[in-house]
Amino acid sequence: MPVDTLSTRLTGLRGLYRAGYRSVLVYRADLLFGIAGLVIQATLTVVVWRVLYDGHDEVAGVGASTAVAYAVLAACIQSILMPWQFSSLPLRVLRGQIGVDMMRPRSLISQNLAQAAGTMVGRLPVGAAGLLTGLALGGVKAPHTLPDLLAWVVSMVLGIANVMIINLLVSMIAFWTVEIGGIMILYRFGSAFLSGALIPLWFMPGWLQPIISWLPFQAQIYAPLSIWFGTRHGVDLLGTLALQLGWVLVLFVLLQLVWRRAVHKVVVFGG
Amino acid sequence: MPPIIEVSDLTKEFTRPDVRPGRFAGTRSLFTRARKVTTAVDGISFQIGEGELIGFLGPNGAGKSTTIKMLTGILVPTSGTVTVAGQVPWRDRRRNARSIGAVFGQRTQLWYDLPLRDSFEIIRDLYSMDPATYRTRLGEFTEILDLDEFIDTPVRSLSLGQRMRGDLVAAMLYAPPILYLDEPTVGLDVVAKGKIREFVAEINAGRRTTVILTTHDMDDVERLCRRVVIIDHGKILYEGDVEMLKAQYVTSRDIVVHCTDFDATTITSPFAQVVSADAFKATLRFDPERTAVPKVVHDLTSRYPITDLSVLEPDLEDVIRQLYTERTPNAR
Amino acid sequence: MAELVRTWSVVREDLRASRILLRAGWRAALVYRASFLSAIVGGVALQGTQLLFIGVLLSKFSVIDGWRLNDVAFLFAMRLAAHAFYVVPFGALVMIDYSIQQGEVDRYLLRPAGIYLQVVTRHAPLMALGDALLGFGSLAIFAGQSSVSWTPGKVAFLIAAVIGGGLVETGMQTFLAAFSFRMTSTISLRILADDTITRFSGYPLTMFNRWGFLSLTFVFPMAFIAYLPATMLLGRTDQLPTATWLAAISPCGGLIIFTIGLTFFNWMTRKYNSPGS
């Protein structure tokens with residue numbers, strides 16, 4: 001009986017991480033078209049925002065260059081965090097392979113999170129291509145100060161954790177119904193809107209802003225980007241990070257609860 | 001028998017990306033465009049007569065399925081010609097579709113979520129069958145294949161054997177003159193195999209349907225086919241009668257002798273060699289070309305008080321195995 | 001003449017077959033009743049976010065490239081309705097990679113009906129009902145609020161344009177789907193096209209400079225989906241760097257693009273390499 005140390009644990013998970021990473025590279029056409037797609041999208045996005053700003057200096061207190069840069073960066077981040085298939089879990093539940101996964105010596109949650117992390121790393125070239133396009137068109141701005149950049153790194157890590165947990169939570173609906181295609185699409189596009197990946201919260205109508213700020217999605221993309229552009233300082237900055245951390249903790253507890261019920265269901269009713 | 005299927009010099013090549021293993025193979029494959037050409041079927045020719053039931057044999061990857069797919073019009077040949085009932089299958093695809101039925105053991109052509117009966121009705125409509133013919137034929141087939149118990153079950157809930165029977169009916173409903181069967185008995189139990197063989201024999205003998213059967217099950221071949229075409233590495237190894245094949249390859253026959261009153265290890269024969277023996281049973285081998293069976297039997301029975309004796313039939317399975325290994329010394 | 005008779009009999013045979021296969025597809029879809037609502041909601045969400053996006057933007061900016069809110073909304077609605085004319089009849093095209101990988105195309109080739117027809121009737125695209133709901137709903141609302149002064153002639157032009165726009169999208173997707181007979185997967189290519197169309201075909205396309213506009217008209221012809229016919233209805237053809245008559249006959253673009261796509265698709269079916277040896 002091998003001793004389950006932290007390092008053996010990590011080795012096991014590294015295999016799954018690599019599986020996720022490789023599965024991106026195997027479908028090379030998907031990756032190449034993903035890159036082409038983001039290059040086109042970034043280009044057209046820059047044009048759309050510049051045309052929109054034609055004749056305005058500032059809208060909702062935001063200048064043209066910030067709005068353009070926000071749109072490009074948000075598209076790049078989203079292309080990495082939201083691959084078309086963000087978990088193999090629903091398919092494995094549907095095919096009844098989940099029983100095998102549960103017999104492995106690692107918890108299903110860490111298996112799935114490791115695989116999702118691998119997929120995200122595999123998709124880094126897509127995001128990089130989008131970023132280069134934005135830079136070439138002069139549509140990207142760096143953070144104002146070094147502390148802003150450091151705060152952004154922390155905030156982005158929390159945002160990524162948030163996305164990974166919610167993606168897995170939504171995928172777990174597969175334990176209760178096989179027909180999750182519609183729900184997945186609703187989640188994908190709903191979260192794109194609510195996370196600020198399509199439009200920064202600055203431009204949202206006044207009545208919608210408080211609703212969105214109370215949902216976990218804005219902590220995924222809008223929060224880190226608002227730090228990047230230096231719109232948060234002092235207490236506001238710390239509050240934003242605290243709220244992001246709070247969401248990650250709450251979501252993680254929720255994930256454990258849902259997971260426990262799912263296991264119960266599989267054990268009692270079969271996969 | 002006029003030929004209904006004529007194949008001449010048929011060849012199929014496939015081009016596939018050439019993946020080289022090694023470090024960064026995945027990343028490298030993003031950019032490489034190396035291609036490799038493989039020849040699946042290599043200039044084969046044969047004819048099949050109307051009303052024949054022919055076995056189409058060969059090891060995995062021999063080119064069997066590729067050939068069948070060219071005969072059915074699924075694949076376009078790289079070179080050579082195929083005519084089926086006077087048509088070029090891939091060119092006259094629609095007309096060809098009406099004159100052939102096909103069952104591919106691994107895949108179903110039935111509508112997965114619907115009851116079996118619905119699939120039959122869809123096929124009835126697709127092939128514009130008149131209702132009366134449809135009813136009679138479905139009735140007859142139902143009887144031979146015992147469809148009654150599951151005809152109203154959705155296809156996804158059927159067992160493999162049930163599904164295969166459903167597929168057979170779906171392929172024969174519109175009474176095509178030619179039927180292709182690709183591994184119709186693979187993975188089935190003895191009873192289901194029996195049912196399917198009975199059905200195939202019926203439609204061949206009773207309805208004069210030409211049947212092309214690919215299988216790995218030599219029982220299928222022994223029970224159904226008089227003639228076989230055997231291919232390997234895309235080329236024809238043997239084409240002809242099953243009995244002739246056996247005669248050609250079986251150079252020895254075995255006799256098994258049982259006895260209770262004396263020790264079987266003491267048995268000897270001037271015509272045969274003892275292969276194995278214990279206290280109650282001995283197996284002897286002889287060359288049927290040199291010595292006739294009755295002579296060997298008579299010699300043994302006259303000299304020993306034997307309780308039981310049997311002459312083993314030559315086993316087609318062994319013949320085929322011998323054929324493959326002989327012709328392809330460096331394969332596998 | 002004989003050729004014409006033969007073609008006509010093939011068309012008639014295909015229409016009959018499509019009726020039979022569609023009925024089977026819908027019957028199979030209805031087996032899973034629960035998925036119905038979820039799929040429709042998904043369809044509305046997919047296109048609805050785009051509508052929300054443009055709504056939020058225009059509430060802040062009110063003008064884009066000289067087009068006011070109501071006309072941009074109308075342009076978007078035209079595109080959504082055109083999209084419904086693609087996904088409702090042809091939505092099953094999405095599954096082509098799967099059909100080829102699983103060897104379902106083997107079975108299509110064995111049946112006396114067209115391959116393309118069997119691909120598009122493979123299953124009932126439930127999600128498309130959500131697209132249709134949103135598309136026709138928003139067109140009904142925003143057509144009235146646009147600056148078009150409606151006459152029976154213009155209404156007829158609008159209907160032709162929306163159907164034509166659906167055929168443009170169908171033709172483009174059919175063309176790309178045809179590559180599936182040679183490549184293992186084209187889904188990402190088709191998602192790329194779909195995504196570009198979804199995000200950008202509802203804008204006044206002349207905002208992407210002259211060359212950008214020309215390539216969106218003649219290379220990746222998404223200008224025919226909604227923008228060209230909309231300039232005709234709104235009397236904005238003077239914005240176009242091309243001749244006005246191109247906008248006037250733009251509803252016919254769908255027929256041409258669809259014919260090209262379908263011809264290419266049928267030609268590519270001969271390149272089909274059935275999976276498994």
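This is a predicted model: local features need pLDDT of at least 70, side-chain atom pairs count only at pLDDT 80 or more; totals for chains, interfaces and linings use all residues.

Trainee: Which residues lie nearest the centre of the largest cavity?
Mentor: Of the 16 residues that line the largest cavity, those nearest its centre are Gln41(A), Thr45(A), Leu198(A), Phe53(C) and Arg199(C).

Trainee: And which elements supply at least two residues of that lining?
Mentor: In chain A they are α2 (28-52) and α3 (64-81), and in chain C they are α2 (34-61) and α9 (187-200). The element that gives the most to the lining of the largest cavity is α2(A), with five residues.

Trainee: How do the residues of the lining of the largest cavity divide by type?
Mentor: The lining of the largest cavity has 11 nonpolar residues, four polar ones and one that is charged.

Trainee: Which residues should I click on to find its centre?
Mentor: Its lining counts 39 residues, and those nearest the centre of the second largest pocket are Arg94(B), Val10(C), Asp14(C), Gly114(C) and Asn266(C). By type, the lining of the second largest pocket divides into 20 nonpolar, nine polar and 10 charged residues.

Trainee: Chain C keeps coming up, so what is in it? How many helices and strands?
Mentor: Chain C has 13 helices and two strands, and its C-alpha trace spans about 60 × 50 × 35 Å along its principal axes. Of the 277 residues in chain C, 60% are buried, and among contacts in chain C with a separation of 6 or more, 78% are between residues 24 or more positions apart.

Trainee: What does the radius of gyration of chain C agree with?
Mentor: The radius of gyration of chain C is 20 Å, which agrees with a compact globule, because a globule of 277 residues would have a value near 19 Å.

Trainee: I was looking at helix α11 of chain C. Why does it count as largely enclosed?
Mentor: Helix α11 (residues 227-234) of chain C has seven of its eight residues buried, so the rest of the structure largely encloses it. Those buried residues are Tyr227(C), Leu228(C), Pro229(C), Ala230(C), Thr231(C), Leu233(C) and Leu234(C).

Trainee: What covers them?
Mentor: The cover over the buried residues of α11(C) includes β2 (67-68), α3 (69-90), α8 (152-178), α10 (210-218) and α12 (244-248) of chain C. Just after α11(C), Gly235(C) takes a positive phi of about 65 degrees.

Trainee: Where does UniProt place transmembrane regions in chain C?
Mentor: The unreviewed UniProt entry places the feature "transmembrane region" at residues 30-53, 73-98, 119-143, 155-181, 211-230 and 242-265 of chain C. In the model, residues 73-98 of chain C are 81% helix and 0% strand, with the end C-alpha atoms 36 Å apart, while residues 155-181 of chain C are 89% helix and 0% strand, with the end C-alpha atoms 40 Å apart.

Trainee: And chain A?
Mentor: For chain A, UniProt, again in an unreviewed entry, lists "transmembrane region" at residues 31-53, 59-82, 149-178, 185-205 and 237-259. Residues 149-178 of chain A are 77% helix and 0% strand, with end C-alpha atoms 43 Å apart, whereas residues 185-205 of chain A are 48% helix and 0% strand, with end C-alpha atoms 24 Å apart.

Trainee: Last topic, chain B. Is Gln87(B) buried or exposed?
Mentor: Gln87(B) counts as buried because its relative accessibility is 12%, and the cut-off for buried is under 20%. Gln87(B) sits in the loop between β4 (79-84) and α3 (93-99) of chain B. Leaving aside neighbours within four places in sequence, Gln87(B) is in contact with Val82(B), Asp92(B), Arg95(B), Asn96(B) and Ser99(B).

Trainee: Where does Ser159(B) lie?
Mentor: Ser159(B) lies in the loop between α5 (131-145) and α6 (160-172) of chain B, and with a relative accessible area of 36% it is partly exposed. From C-alpha to C-alpha, Ser159(B) and Leu188(B) are 9.6 Å apart in space, although 29 residues apart in sequence.

Technical notes: Residues are numbered from 1 along each chain as its sequence is written. Chains are lettered from A and ligands numbered from 1 in the order in which they are written. Side-chain values use heavy atoms; hydrogens and water are left out. UniProt positions are given in the numbering used here, feature names are shortened, and annotations may be inferred rather than shown by experiment. Helices (H or I, at least four residues) and strands (E, at least two) are DSSP runs, numbered from the N terminus. Buried means under 20% relative accessible area, exposed over 50%, partly exposed in between (1.4 Å probe, protein chains only). Contact means heavy atoms within 4.5 Å. On a 1 Å grid over the protein atoms alone, a cavity is a set of points where a 1.4 Å probe fits but cannot get out, and a pocket is an open set with protein on both sides within 12 Å along at least five of seven lines; lining residues have an atom within 4 Å of a point. Ala, Val, Leu, Ile, Met, Phe, Trp, Tyr, Cys and Pro count as nonpolar, Asp, Glu, Lys and Arg as charged, and the others, Gly among them, as polar. The radius of gyration is taken over C-alpha atoms; the globule rule is 2.2 Å times the number of residues to the power 0.38.
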